[in-house]
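Colleague: I'd like a close look at one part of this model, picked by you. Please go slowly there, then tell me what surrounds the story in the rest of the chain.

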Amino acid sequence: EKDTIYLREVPKDYIKITSGLGEALPTSVLVVPLKDDKGGVQGVLELASFNKLESEEIGFVERIAETLAIALASAKGLEKTNNLLRDTQLLTEQMRSQEEEMKQNMEELTATQEEMMRKQSESKMLLDSLDTSFFILEFNFENQITRANEKILQLLGFEFAELSFNSVHDIIRTSDNDIILEKKLFGGKPLEDDFLVIRKDGTRTKVNGHLIPIKNQAGVAGKVLFMARPH
């Protein structure tokens, strides 16, 4: 209730004042709340005495209680500030650690991207080299031509728009039986042989080439890559 309590009749079972010479029951007890300047109670000061306390003495203790209350509030505030500072430092350390981890992850990601770009560049250079050195044709197992490089288009005399309407059997022939050939390719086995390439004007050119099945992620062949060089 934030009020001072002054007891003149002290219960017999209450605290006793003790010293090296003995102990005795106090004749008065003063209980003063430690109220800070904001009206909050920081604790309680309790004094026991063998003598009656005068009003000025009680007032003096109340003023002391206010000083103690302010000191306690300041100490609690300082402790709270120190706790916040410690938490802030801990959070800063955690953020710094996370920042270092993110930086490391970004460096690893950058290195991975650079490696991927390097491999893509190498793959492009390889494909460009193959495109300039080989006749390349790609078709599916319905024998539909899905891709042809410029070199084989020049050999055949076709535009790709014309070529895409042709069956691969109209363009490439082998000495092997076509059914046996397709079974081999469908089984995922590459094949090397001599082929006859039939041009748009009906003339033929003999080439040595490879038929290479292209497998999907499940390991199933879905397309075939034809690569050849002239004899």
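**A loop residue up close**

Modeller: Let's go to Asn 143, which sits in the loop between β6 (135-140) and β7 (145-148); strands here are DSSP runs of E of at least two residues, helices are runs of H or I of at least four, and both are numbered from the N terminus. Bear in mind that this is a predicted model, where local features need pLDDT of at least 70, side-chain atom pairs count only at pLDDT 80 or more, and totals for chains, interfaces and linings use all residues. Residues are numbered from 1 along each chain as its sequence is written, and side-chain values use heavy atoms, with hydrogens and water left out.

Most residues other than glycine have a negative phi. Asn 143 also counts as buried, because its relative accessibility is 14% (buried is under 20% relative accessible area, exposed over 50%, partly exposed in between, with a 1.4 Å probe and protein chains only).

Lys 2 lies in the segment before β1 (5-7), and with a relative accessibility of 43% it counts as partly exposed.

Ser 49 belongs to strand β5, which covers residues 41-49. A polar atom of the Ser 49 side chain lies 2.9 Å from the backbone nitrogen of Asn 51. Leaving aside residues up to four places away in sequence, Ser 49 touches Ile 17, Pro 26, Thr 27 and Ser 28 (contact means heavy atoms within 4.5 Å).

Now zoom out. The protein has 4 helices and 11 strands. Its radius of gyration is 49 Å, well over the 17 Å that the globule rule gives for 231 residues, so the protein is more spread out than a compact globule; the radius is taken over C-alpha atoms, and the rule is 2.2 Å times the number of residues to the power 0.38. Along its principal axes, the C-alpha trace spans about 135 × 35 × 30 Å.

As for contacts between residues at least 6 apart in sequence, 42% join residues at least 24 apart.

Note on methods
A polar contact is a pair of N or O atoms within 3.5 Å; within protein, one must be able to donate a hydrogen and the other to accept it, and residues adjacent in sequence count only if both atoms are side-chain atoms.
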